[in-house]
Amino acid sequence: MLYAILCYHDEDFVGSWSREQDEAVMQKLAVVQEKLTKQGRLGPVARLLPTTAATTLRKEDPPLVLDGPYAETKEQLLGFYIVDCKDLDAALEVARDLGAANPGGAYEIRPVGVLNPGSIPA
Amino acid sequence: MSDTAWIDAALTSARPQAVGALLRYFRDLDTAEEAFQNASLRALKSWPRNGPPRDPAAWLIMVGRNVAIDDIRRSRKQQPLPEDEAISDLDDAEEQIAERLDGSHYRDDILRLLFICCHPDLPATQQIALALRIVSGLTVKQIARAFLVGEAAMEQRITRAKARVADAGVPFETPGAVERGERLSAVAAMIYLIFNEGYSAGGDTAEARAPLCEEAIRLARLLLRLFQSEPEIMGLTALLLLQHARSAARFDTSGALVLLDDQDRSLWNGKMIAEGLALIDKAMRHRRSGPYQVQAAIAALHARAAKPEDTDWAQIDLLYGALEIMQPSPVITLNRAVAVSKVQGPQAALDMLEPLAERLSSYFHYFGVRGAFLMQLGRNEEARTAFDRAIALANTSAEAAHIRMHLDRLMRDSAPRDAKAK
């Protein structure tokens with residue numbers, strides 16, 4: 001089963017990391033990713049730009065374009081992983097590993113219904 | 001990340017909101033800062049033990065407020081004549097909880113906090129120092145280092161700035177739309193000043209001053225988060241990101257300035273450029289142009305060019321033309337002349353400089369640019385005079401070194417000809 005691990009964190013907080021802190025966290029996350037890659041379980045991974053770069057299209061008639069993210073929340077969606085896991089426990093284990101590398105915030109673990117691998121070259 | 005590093009980052013990110021709210025309660029900057037400081041000390045003790053609070057800013061506001069109120073009560077007992085104005089709203093506990101849940105004030109709190117730092121009576125350097133101390137929470141030592149002055153001098157500068165702000169009396173009512181707009185543009189200008197203070201450093205000091213650029217970007221993003229639909233704030237943030245994206249390529253290993261055309265573009269920060277371009281795209285949709293957006297659009301044209309010769313100079317010329325109308329300034333015309341030199345050649349560009357001569361007679365870049373145009377026209381003797389003048393006016397050793405490079409090139413180019421003449 002494919003799981004999406006959606007990463008929520010306070011982006012003010014993440015934005016307050018020094019460059020060294022940011023790099024250190026990314027390096028630790030890379031170790032977790034590396035392990036999953038070797039097991040052939042890691043799908044697409046994305047780190048999103050800050051929500052200030054986001055635009056929201058409300059599907060009204062006519063559609064309404066708004067600046068900013070869909071929801072104003074204390075923690076923001078900052079990225080996601082797609083991981084192949086045999087069950088929820090295995091997905092939670094991956095999330096725990098990621099969480100140990102990058103503390104704070106929360107992961108939402110969502111089983112994937114349909115995944116279109118797309119056509120963008122890596 | 002270690003506990004302390006984690007807590008530091010949390011305190012830094014919560015600071016503008018927390019100090020802003022505490023300032024609204026106590027209407028006194030020193031009291032608000034001290035309350036935040038005390039709350040931070042408690043956080044350092046409590047957070048590692050109890051885990052981080054869900055909302056660090058709310059935690060710090062509550063704790064800071066309670067500690068400060070206790071302090072004021074205690075000092076009241078000692079002093080028979082208390083100052084009632086020292087405390088603006090002493091609410092009961094229930095109301096504090098209501099406050100925590102209602103975050104609607106926080107936008108104006110942060111804006112006010114930033115705004116008091118840009119009081120027009122304060123010279124630019126004091127505005128910046130004050131903002132870095134109060135809003136960003138940098139230590140006096142860190143700020144002194146970035147400004148390349150001693151700690152005691154910086155301490156004095158900040159104290160003086162604070163006293164002036166206290167005398168000025170900033171209104172604490174929720175601002176109306178017009179006033180909010182005025183505050184916003186004053187704050188945007190101050191953030192740009194902070195950035196420039198870091199950006200205009202020479203190669204020898206660029207590293208010490210880089211934190212100023214990063215802090216300015218953080219503040220710009222913060223402001224944009226509060227005012228999501230303001231195209232000029234998008235423009236400002238984009239401008240800072242696009243300029244800072246080039247920082248790794250702007251100086252060579254000896255600290256000499258590397259001009260845009262000569263920069264190794266692979267050193268540019270792609271992620272910052274992507275964010276900057278995304279913000280310009282968003283800003284353009286509003287069709288409410290402004291100086292930050294235009295400057296960001298110019299920076300974007302440079303960022304989009306994979307090689308210097310791919311640069312759309314004709315478009316840059318047009319954008320500088322638009323900027324000249326918005327903010328007439330000889331410096332902008334000077335920049336436009338550089339674009340014109342690429343599109344129409346050095347003679348047309350040189351003609352544009354003539355009317356500026358008087359107003360820019362003590363401006364380093366004027367003579368640097370003029371020398372470069374003259375050199376392209378083969379008027380080497382005049383070019384040398386202009387470059388000599390530029391060196392005399394250089395603000396940093398990197399600027400002087402850069403012009404000397406031109407002079408060396410002139411010498412090399414003209415030497416064989418001189419030899420033949422003999």
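Student: Before we start, what are the ground rules?
Tutor: This is a predicted model, where local features need pLDDT of at least 70, side-chain atom pairs count only at pLDDT 80 or more, and totals for chains, interfaces and linings use all residues. Residues are numbered from 1 along each chain as its sequence is written, with chains lettered from A and ligands numbered from 1 in the order in which they are written.

Student: How many residues of chain B are in contact with chain A?
Tutor: Two residues are in contact if their C-beta atoms, placed from the backbone, lie within 7 Å. On that basis chain A contributes 19 residues, and the number from chain B is 21.

Student: Which elements give two or more residues to the side of chain A that touches chain B?
Tutor: Elements here are DSSP runs numbered from the N terminus, with helices (H or I) of at least four residues and strands (E) of at least two. The ones in question are helix H1 (11–15) and helix H2 (19–38) of chain A.

Student: How far apart are the end C-alpha atoms of H2(A)?
Tutor: The expected span of a helix is 1.5 Å times one less than its number of residues. H2(A) has 20 residues, so it should span 28 Å; the model agrees, with its end C-alpha atoms apart by 28 Å.

Student: Which residue just after H2(A) takes a positive phi?
Tutor: The phi in question is about 65 degrees. The residue that takes it is Gly40(A).

Student: How are H6(B) and H8(B) oriented to each other, roughly parallel or roughly perpendicular?
Tutor: Axes are lines fitted to C-alpha atoms, for helices over the stretch in contact, and angles run from 0 to 180 degrees between N-to-C directions. Helix H6 (residues 124–134) and helix H8 (residues 151–168) of chain B pack at about 95 degrees, with axes 9 Å apart. Angles under 35 degrees count as roughly parallel, over 145 as roughly antiparallel, 65 to 115 as roughly perpendicular and the rest as oblique. H6(B) and H8(B) are therefore roughly perpendicular.

Student: Which residue stands opposite Arg58(A) in E4(A)?
Tutor: Two strands pair if DSSP finds at least two bridges between them. Strand E3 (residues 55–58) and strand E4 (residues 64–67) of chain A pair in the antiparallel sense over four bridges, and a hairpin of five residues joins E3(A) to E4(A). Opposite Arg58(A) stands Leu64(A).
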